[in-house]
Amino acid sequence: MSVLVAGAGIGGLTTALSLHAAGIDATVVESVREIRPLGVGINLLPHAVRELTELGLGDALAAIGVPTAENVYCDRDGTVLFSEPRGVAQGYRWPQYSVHRGELQSMLLAAVRDRLGPDAVRTGTRLDGFTDTGSAVRARLLDRATGEHRTVEAGLLVGADGLHSAVRGLLHPDGGPLLWSGVRMWRGVTEGKPFLTGRSAVLVRDGDAEFIAYPIGRDRINWVCLVREAPPGPLGEEAGWNRPGRLADLLPHYAHWSLGFLDVPGLLTGAERILEYPMVDREPLRSWGRGRVTLLGDAAHPMYPVGANGASQAVVDARVLAHALAGSDDVPAALARYADERREATAAVVRANRAMNEAAREVPEGGGRSAEHYARITDAYRRASGGDPAVLNARPSLTPAPAGR
């Protein structure tokens, strides 16, 4: 069995590593000509950290990540309203890590090339189409450097090519538009010492403005500003993770904030680069793929980055996919099992992220947000998104025996 993976993001690279661990050949094609450590900070929740640890990446991950100890909810004056332990402190056997997205991708890329070979990831190669013959998939690939097309054959195709997935578009040409939450996000990384415990994430809300910050190592603080601009509805603009943003557009919302332990206006002003993004998702699909073709990660289930769950769900997708394929001679049946298991689970997270986004913006009766208010929101999210520590700790490993054993 050979697998062609479209997309060398976190999901696609974890897919290649997971398939290799199961004794299944994989090749990754990536449209960009050079994979560079772009982006800002993200969080990996314990269910993703478990899977990467079981792939033998625990030490490498610990070397680039900060093990988040707590989420601290404050008002704009820095008064602590609620604190929630995270990771091991919350009862998981695995930590939660805050990490630079580009550094995580680089770590995964190095592992793929080390384990699968230097040619396992082919950059500058865009998937333009595919044909499922019933016994194989013939993929049409464009070499972006030469403009030439070629056809390659694989046992199956995995579309891990992100928010604007070409594979998803070919499978679901009438899949509907991106749906905007009405919230615009600005993100950046600024040099600065960790605050509070040194492993704390802070979450602050004031009216239509929200602010999140957490350390990602090497004296860097990742920050996110979220401002509601419009009612939810179909997106009427381009959505790209790395679109440049302007300080002048967000600073007025935060100019008078004073947390005490963290200089919010100073953080925003001190960022070398600001990224802007309309917070979007899509309606969950009723089916992910067909035959020998399936989807994974943002290509399958784009979600609001509210519960810090997008990259983590892609990692779990990859592991479940490899587990379903290992030991199976019926590829379409294995892909159907994978999609059946992950489709409902990820749809629940999409809905939970939407609900958490709306609940966090509600003003409780009496006008104040209390510890009980935030505890209720976080507990509801944990239940809806399947984040019970006891369940994850007791769940059998997804590491399959290598194919043929």
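Visitor: Why does Arg-319 count as buried?

Guide: In this predicted model, Arg-319 has a relative accessibility of 2%, and since buried means under 20% relative accessible area, Arg-319 counts as buried.

Visitor: What makes the contact between Glu-51 and Arg-319 a salt bridge?

Guide: The closest N and O atoms of Glu-51 and Arg-319 are 2.7 Å apart, and because a salt bridge asks for a side-chain nitrogen of Lys or Arg within 4 Å of a carboxyl oxygen of Asp or Glu, the pair qualifies as a salt bridge. Glu-51 lies in helix H2 and Arg-319 in helix H7, so the pair ties together parts that are 268 residues apart in sequence. Glu-51 is also buried, with a relative accessible area of 0%, and both residues belong to a network of salt bridges that includes Arg-50, Glu-54 and Arg-395.

Visitor: How do you know whether Glu-237 is buried, exposed or partly exposed?

Guide: The relative accessibility of Glu-237 is 29%, and because buried means under 20% and exposed means over 50%, Glu-237 counts as partly exposed. Its salt-bridge partner is Arg-184, which is buried at a relative accessible area of 8%.

Visitor: Why are Asp-379 and Arg-382 said to be separated by about one helical turn?

Guide: Asp-379 and Arg-382 are 3 residues apart in helix H9, which covers residues 371-384, and therefore about one helical turn separates them. Their side chains meet in a salt bridge, with 2.9 Å from N to O, and Asp-379 is partly exposed, with a relative accessible area of 33%.

Key: Residues are numbered from 1 along each chain as its sequence is written. This is a predicted model: local features need pLDDT of at least 70, side-chain atom pairs count only at pLDDT 80 or more; totals for chains, interfaces and linings use all residues. Side-chain values use heavy atoms; hydrogens and water are left out. Helices (H or I, at least four residues) and strands (E, at least two) are DSSP runs, numbered from the N terminus. Buried means under 20% relative accessible area, exposed over 50%, partly exposed in between (1.4 Å probe, protein chains only).
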